[in-house]
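Please walk through this structure with a focus on one helix and on pairs of charged side chains.

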Amino acid sequence: MSSALLDASQIIRRHGTRTVLDRVDLRVDARSRIALVGPNGSGKSTLLRILAGLETPDGGSVRRAGSVGYLPQLAGEGSVTVRETILERIGVAPAARTLDHLTGVLDSGDLEVIEVHAEALLRWITLGGADADARLGAAADELGLGAALLDRPLSTLSGGQAARAGLAALRTSRFDVVLLDEPTNHLDADGLRRLSQLLTERAGGIVLVSHDRALLAEAADEVVALDPHSGGAHRYAGGWDAYERERDAERERARAAHDEAIAKRAQLRTAASEERRRAAGTTRKLDRRPRDGDKHVKEWFAARADGVAHRASVVARRAERIEVPDKPWEQRPLRLRLTAAERRGGAVVTLEQATITRGTGSFVLGPLDFAVEHGDRVLLSGPNGSGKSTLLGALEGTLALSAGTRRLASAAVIAQLGQARDRLAADARPLAAAVRELTGLGEADARTALAAYGLEADAAQQPASTLSPGERTRAELAVLAHRRATCLLLDEPTNHLDVESLQTLEAALADWPGALVVATHDRRLREALALTREVAVNPSRRTIV
């Protein structure tokens with residue numbers, strides 16, 4: 001008998017005319033630790049929702065032998081509290097509603113629902129409904145949220161707080177299989193450590209979608225990669241590092257096989273062409289010979305010409321019989337090219353005895369002194385809520401100082417890739433129009449710039465606000481690439497980017513000649529950028545170190 005808790009077979013899912021998933025198989029048992037990877041738009045979230053039973057596939061089947069929970073990033077509107085949202089996500093609230101309804105039916109004297117009621121009761125107990133509130137409170141305290149936060153509207157939480165609430169949901173849930181969709185977004189270093197610990201300690205199967213390569217290397221022993229071109233899936237055993245090695249080797253073998261077949265076909269075609277040339281030359285010699293009546297000589301020349309022509313035909317047929325494998329398809333990279341303005345000595349931007357106040361004065365950072373020199377590569381570190389984004393806003397000049405001075409070097413340009421990507425997310429105009437305004441480019445040049453970042457005509461015509469976070473990030477990178485920046489500020493740049501885009505971003509930033517100030521908790525990005533100076537924002541919100 002199969003030990004699989006979740007067995008998806010030949011899953012097909014279409015979005016309009018596009019086949020997103022094509023005959024995808026995925027099997028999860030109690031010890032599975034699966035990383036589900038692929039570029040933005042390859043169908044990762046779609047597959048997770050199908051596995052959880054929240055979306056119906058167009059083909060294939062899903063067999064569930066245990067409880068399956070889908071835990072995406074927490075987000076809410078209106079007055080729905082954190083507690084209500086989490087209990088809904090971990091299945092306890094829906095199970096309680098079903099049980100209450102059937103209890104009422106049973107109390108009314110309808111004994112036909114006894115078995116259904118028993119099943120509903122068992123599900124509620126299995127999901128931990130009896131002590132879910134107590135466990136959730138303990139998890140919130142353990143994760144540094146505090147019980148009071150659970151009864152606040154989810155919409156009032158910061159990104160970091162919502163990410164921590166997502167960890168509390170994971171800690172409290174009792175699913176046999178948990179499906180995690182980008183749980184690392186907005187988590188600080190401590191939150192990432194706690195997530196890794198939760199995944200290590202958790203019993204049951206795990207399917208994880210994340211762009212955090214360090215976490216994937218720690219948590220996964222199997223990788224399932226979705227191919228956005230074919231809609232298929234490829235399984236790699238051995239974990240993340242083994243996946244990267246095997247993936248690169250497969251691509252190299254496929255490229256080599258394609259190039260070798262092309263070269264062999266070209267060689268044979270050249271040989272056939274040479275044979276035809278020789279046959280034609282022999283025929284011309286025969287035509288030019290004096291008509292001396294020597295029929296044997298004529299026959300010899302004719303036979304020779306026919307033989308050469310026959311060999312040419314044979315070689316040509318061999319050339320056409322060579323099967324050329326498809327060239328490996330690769331998603332268009334971001335092609336990020338940032339050109340710094342003229343580099344000079346001294347500071348690009350300086351804060352002197354600067355104090356920044358946010359909101360009604362409940363958050364104060366400073367007074368502090370901070371200078372970014374030309375060519376600096378600075379890491380801003382500190383937990384969520386310590387003031388890293390506030391400091392970046394002050395450096396950029398978008399947050400006014402309540403005290404102190406900000407000095408900007410002559411002709412210096414500060415550009416920021418923001419954590420929320422609010423500029424494009426709130427723009428209802430077509431993306432190309434929004435980019436034209438931000439860059440000053442003409443219509444054709446704006447579309448060309450977007451195409452260089454993988455955003456073709458369809459995306460350029462869509463309202464910017466309807467694009468995915470990853471697509472908006474690509475568009476914002478296109479904007480940055482067309483500004484002559486002296487200093488580039490990055491606030492959690494890895495959020496919402498797929499792994500291949502991250503690697504392209506790293507390669508571009510590795511060659512960035514201007515000043516660079518980065519706030520990130522992504523360990524691989526920190527290593528790749530070779531940041532030379534670290535500035536720690538003190539959690540007391542008063543100073544930097």
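A salt bridge here is a side-chain nitrogen of Lys or Arg within 4 Å of a carboxyl oxygen of Asp or Glu. Side chains of opposite charge can pair when their charged atoms come close. By that definition, Arg164, Asp188, Asp190, Arg193 and Arg194 are linked in a network of salt bridges. The structure holds 26 salt bridges. Keep in mind that this is a predicted model.

Now the whole chain. It has 545 residues, and 46% of them are buried. There are 19 helices and 17 strands. Take the contacts between residues at least 6 apart in sequence: 71% of these join residues at least 24 apart. The chain exposes about 26,100 Å². Carbon and sulfur atoms supply 50% of that area.

Next, turn to helix H2, residues 82-89. Which of its residues are buried? They are Val82, Arg83, Thr85, Ile86 and Leu87. Their cover includes helices H3 (92-107), H5 (132-142), H6 (147-150) and H7 (159-172). Just after H2 comes Gly91, with a positive phi of about 85°.

How do H2 and H5 pack? Two packed helices are described by the angle between their axes and the distance between the axes. For H2 and H5, the axes come within 11 Å and cross at roughly 115°. The crossing is right-handed. H2 contributes Arg83, Ile86 and Leu87 to the contact, while H5 contributes Ala132, Asp133 and Leu136. Four of these residues are nonpolar, none is polar and two are charged.

Arg83 and Asp133 also form a salt bridge, with the closest N and O atoms 3.2 Å apart. The pair links distant parts of the chain, since Arg83 sits in H2 and Asp133 in H5, 50 residues apart. Asp133 is partly exposed, with a relative accessible area of 43%.

Arg97 forms a salt bridge with Glu88, and their closest N and O atoms are 2.7 Å apart. Arg97 is partly exposed at 48% relative accessibility. Glu88 is partly exposed too, at 35%. Elsewhere, the side chains of Arg436 and Glu443 meet in a salt bridge, 3.0 Å from N to O. Arg436 has a relative accessible area of 36% and is partly exposed. Glu443 is partly exposed at 31%.

Notes: Residues numbered from 1 in each chain as written. Predicted model: local features only at pLDDT ≥ 70, side-chain atom pairs only at ≥ 80, totals over all residues. Heavy atoms only, no water. Buried < 20%, exposed > 50% of the residue type's maximum accessible area, 1.4 Å probe, protein only. Helix = DSSP H or I, 4+ residues; strand = E, 2+ residues; numbered from the N terminus. Contact = heavy atoms within 4.5 Å. Axes fitted to C-alpha atoms, helices over the stretch in contact; angles between N-to-C directions. Left-handed = near helix turned anticlockwise from the far one by under 90°. Nonpolar A, V, L, I, M, F, W, Y, C, P; charged D, E, K, R; others polar. Areas by Shrake-Rupley, 256 points an atom, 1.4 Å probe, with all protein chains shown as cover.
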